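Subject: Structure handover

Hello,

Here is the structure I promised to pass on to you. Please open it alongside this email, and my notes follow just below.

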Amino acid sequence: MSTSNALISSGVPGLDDVLKGGLRPGHLYFVEGNPGTGKTTFGLQFLLEGVRRGERCLLITLAESPAEVAVIADSHGWSIDGLQMRDLISSDEIHSTALFDLTEIALDDRVQAALAEMDDLKPQRLVLDTLAALRIYSDQSSFFRRHVELFRSKADELGTTLLVTDEASGPVELHPRSLAWGIIRMEQRVNDYGPGRRWLWLPKLRGQPYAGGFHDLRIETGGLSVFPRLEPGRPSAPARDGLISSGSEPLDALLGGGLERGTSVGVIGPPGCGKSTLVSSFAMAAAERGERVALYAFDESLTTFRKRALSQGLDIDSALDSELLKLRQIDPGQVAPGELARELAGEVDCSKTQIIIIDSLNGYLQAMPNDPSINLQVHDLLSYLSAHGALTLVTLAQPSPLNRQEGLAVDLSYLTDTVIAQRYFEAYGAIRYALSVMKKRYGDHERTIREYKIGTGGIIVGEPLSEFRGVLTGLPEYLGKDKPLL
């Protein structure tokens, strides 16, 4: 019997963080999920991690032959040298009970054969794949449970960490989940278009803390990777004092001197009003000061972004060459929200990035269609980045006269500390642009509405539109004598 309290690695990147260190040795764990969720791949990663550490590892297959397992391993580029495998479906000893197939005798024979393998090898890690293949031999819950208890007792006796894969569906009474030390559930959802989304969660884990909730999961060549849900309550070193300048004195004046470090900013407005240009101004000004900026683009290619910046006279190439500016194009259909959140967390934790830009939030949310927890997920991400001292700017496109669809179900007033609004308005037969700060949680700001235009150097901010009324409606009324417009 194992007496060690040291946790062992699962071999799955990110999962040990969810488990707050790893699995407790000498116990039984269920890995549940529907077909195709990656249970066998999970088991292989767990075993091969043990092989890498010089441990005795055994795979007992009840549904796939060793040749099929070898194909799975080869598809991920894994060598299974050093891994012991036993096939209890096609072995001669099991076939000797063919006259009693689909009876409790067949179940007992298979379980006893598996226990004999455990006694023979005394593995430190064992994966039984899959319990569903044994369930077909019994429809009596008490009888089936007693045989699963034999596995648990043997694992406890030998100090074996036992992972048993199982399907999540089927009669509840034939799922002896109460016997497990922990349960790991793997799930997937297929979207109407594009790749589906996978996630993992822990319905149960005894004797240790763990990160609750759903955690995004990816399966690709090389195996499974888990992206633990961010926990915004973890504080970091306090942010440096002082305001971050946009590089434009009039814009800084509108913002009360600039934006505070460790806060989040939402830039809202209809398409084409310059949201990307506005946040790019902050990025370029920060890079010129020697601060690191990461800009994640969802709505335009990096080539288009660079051409636009160059057309406005922004020295983007120097910022990229100095590696103070990082541009990353994201396809929301290929990157899960949890995966992106972890990458952004790595920017502030490991790369010490001071400014994070998400352009736009519309694109980020496309990875979470019809998800009622959208606001909470985005809130946790922004809270985490703020707690670690980063200034985060997110853009959000809103409906316009040219774009009448419903807006996204997000509340930037709840999500961000500052909200900057950009608007169209019509004056003297032309489309003009107005800029205002709707909210700033920390510090003061101007309550005026200023006109702006996009020119060389980015955003050019004019004087307050003090002689206009109704600018934010898009149909202003001029009350003055002159035309104080750019």
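Phe-30 touches Leu-131, Val-148, Val-164, Pro-176, Arg-177, Ala-180, Gly-182, Ile-183 and Ile-184, leaving out residues up to four places away in sequence; contact here means heavy atoms within 4.5 Å. You will find Phe-30 in strand β1. Helices (H or I, at least four residues) and strands (E, at least two) are DSSP runs, numbered from the N terminus. With a relative accessible area of 1%, Phe-30 is buried. For that term, buried means under 20% relative accessible area, exposed over 50%, and partly exposed in between (1.4 Å probe, protein chains only). Along the chain, Phe-30 and Asp-166 are 136 residues apart, yet 6.8 Å separates their C-alpha atoms.

A word on what you are looking at: this is a predicted model, in which local features need pLDDT of at least 70 and side-chain atom pairs count only at pLDDT 80 or more, while totals for chains, interfaces and linings use all residues. Residues are numbered from 1 along each chain as its sequence is written, and side-chain values use heavy atoms, with hydrogens and water left out.

For the overall picture, the protein has 15 helices and 22 strands. Of its 486 residues, 52% are buried. Taking contacts between residues at least 6 apart in sequence, 70% join residues at least 24 apart.

The sheet with β1

β1 belongs to an open sheet of 9 strands with mixed pairing, in the order β3-β2-β4-β5-β1-β6-β7-β8-β9. Two strands pair if DSSP finds at least two bridges between them. At the edges stand β3 (84-87) and β9 (223-227); each has a single partner strand, so one side of each is left without a neighbour in the sheet. On average, and with direction ignored, neighbouring strands of this sheet are turned by 20° against each other. Axes are lines fitted to C-alpha atoms, for helices over the stretch in contact, and angles run from 0 to 180 degrees between N-to-C directions.

Strand β2 (residues 57-61) runs parallel to β3, and 4 bridges join the two. Thr-61 has Asp-87 in β3 as its bridge partner. Two helices are worth a look here. Helix α7 (residues 141-158) lies across β1 (28-32), β4 (125-129) and β5 (161-166), and runs at about 130° to β1. α12 also packs on the sheet, where it touches β7 (197-205), β8 (215-220) and β9, with its direction at about 100° to that of β8.

Helix α12 and its partner

Helix α12 (residues 337-349) packs with helix α14 (residues 374-387) at an angle of about 10°, their axes being 10 Å apart. That makes α12 roughly parallel to α14, given that angles under 35 degrees count as roughly parallel, over 145 as roughly antiparallel, 65 to 115 as roughly perpendicular and the rest as oblique. On the α12 side, the contact is made by Pro-337, Ala-341, Leu-344, Ala-345, Val-348 and Asp-349, and on the α14 side by Gln-377, Leu-381, Tyr-384 and Leu-385. Within α12, the buried residues include Pro-337, Leu-344 and Val-348.

The other sheet

Another open sheet of 9 strands, again with mixed pairing, has the order β14-β13-β15-β16-β12-β17-β18-β19-β20. Its edge strands, β14 (325-329) and β20, each pair on one side only. From one strand to the next, the twist averages 25°.

Strand β12 (residues 264-269) and strand β17 (residues 418-427) run parallel and are joined by 4 bridges. Opposite Val-265 stands Thr-418 in β17. Strand β18 (residues 430-440) and strand β19 (residues 450-455) run antiparallel, with 3 bridges, and Leu-435 has Arg-450 in β19 as its bridge partner. β19 is also antiparallel to strand β20 (residues 458-464), through 5 bridges. Tyr-452 is partnered by Val-461 in β20, and Ile-454 stands opposite Ile-459. The hairpin of β19 and β20 has 2 residues between the strands, and Gly-457 there takes a positive phi near 95°.

Last, what does Ser-248 contact, leaving aside its neighbours within four places in sequence? Ser-248 is in contact with Ile-459 and Val-461. Ser-248 sits in the loop between β10 (243-244) and α8 (249-254), and counts as buried at 14% relative accessibility.
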